[in-house]
Amino acid sequence: MTSHPHPADPATAAALASSHGPLAFSVAFDPRDEDEVLARWRALLRSNRWSDGDQTREFEALWAERTGLEAVAFNNWSGGALAALDFIGLSGETALSPSNTFLATPRSIQKAGGTVVFYDCNRHDLCGSFEDFVAKAEQHRPKAAWIVHVGGHIAFDIEKIAAYCRENGIWLLEDCAHAHGARWHGRAAGSFGDVGVYSFYPTKTISTGEGGMLVTGNPDLAAHARSYRDYGRGSRYRIQGMNHRIDEFTAALGVVQTRRLDDILAWKAAYARDVLDLRHPNRVRLPDGMTSGYYKYIVFDPVEPSTGKVYELPCHRILEHDVTLPNTEWIARNHWCVPLYYPRDRS
Ligand SMILES: Cc1ncc(COP(=O)(O)O)c(C=O)c1O
């Protein structure tokens, strides 16, 4: 049986680094959790409730507790994003998106019938720039905007951007796909704007294979999302959603994974602090009070080995928008990711 020393034990990370070399990619799953996952799946196999049942409720309750918000589970990030944008009523309207993100972010705006306007990022945190956010908002008067917590820390300009959105009636959506466990002065990702959406895709800090979680402090948005994921059931089909339900097997895995999340975060933080920080002075530097989930460990020098870039090609180039985003272009050329994965086998 694989041994798992206490994750916060600094010697663990250092010993691992010297004995194993660079960490190879592995889906974050702790072998100690196998029995519980299998027991939950066995109970489900013997039950007659394979969708929309107790496992889903339990998974949602854990994320509600973590974020202090209502939580609605989805089959993936897309489902949560589309539900939120449908509530906002984005069709025919404009929304801002950073370009340094996965295509999912601007694509969700397009799929909701909106027009995408890209804004630039900062070089030091890779996330949305307040200055360019305001410039684009003044010029294009958007109804909504995405901010993305790139790499696992919270966007450093989040408080300024959230305050500006509140003052100017702009709906602020947080793309929390990378931000499991991220906090700033105790506040979780997803709690700064109107709504946040997490992803549980296999590369993420914890995974359920496929899966997503919408979190919001707005009870009307939460109710809309619950109905949207189920073809508008519960709203007399007035809400024109499709099927974005999570199944009970996936939700059961989500419960077990979420219970393990704090160990995974503590282990990654110890490895970053005790091993990687000593080797990489030219890296993203976290401000006071920031806890990163360390989805990625980002440096500004070429390194070997590297897992490459968070994103190679900015979205404004993929979608061929004629816009100048100098920091986004700079970031695409000048950052690299050092492998930082929660290893299964540490024997
Ligand atoms: C920033 C970002 N947003 C959205 C997504 C989409 O998530 P999903 O694969 O769950 O739809 C991803 C990656 O998967 C992502 O990295």
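I looked up the largest cavity to begin with, and about 80 Å³ of space lies in it. This is a predicted model, so I noted that local features need pLDDT of at least 70 and side-chain atom pairs count only at pLDDT 80 or more, while totals for chains, interfaces and linings use all residues. Residues are numbered from 1 along each chain as its sequence is written, and side-chain values use heavy atoms, with hydrogens and water left out.

I searched the whole structure and got three cavities of 30 Å³ or more. A cavity here is a set of points, on a 1 Å grid over the protein atoms alone, where a 1.4 Å probe fits but cannot get out; lining residues have an atom within 4 Å of a point. The volume is the space filled by probe spheres set on the points.

Next I checked the lining of the largest cavity: 13 residues, with Ser26, Thr203, Lys204, Lys268 and Tyr341 closest to its centre. Domain 1 (10-28 + 261-338) and domain 2 (37-254) both give residues to this lining, so the cavity lies between them. The bounds come from an automatic or database domain assignment.

Then I turned to the ligand. Of the 15 residues around the ligand, Trp77, Asp175, His178, Ser199 and Lys204 come nearest (near means a heavy atom within 4 Å).

I listed some polar contacts, pairs of N or O atoms within 3.5 Å. A ligand oxygen is 2.8 Å from a side-chain N or O atom of Ser199, and a ligand oxygen is 3.1 Å from one in the side chain of Tyr311. For Trp77 I noted a backbone N or O atom 3.1 Å from a ligand oxygen.

Technical notes
A polar contact is a pair of N or O atoms within 3.5 Å; within protein, one must be able to donate a hydrogen and the other to accept it, and residues adjacent in sequence count only if both atoms are side-chain atoms. On a 1 Å grid over the protein atoms alone, a cavity is a set of points where a 1.4 Å probe fits but cannot get out, and a pocket is an open set with protein on both sides within 12 Å along at least five of seven lines; lining residues have an atom within 4 Å of a point.
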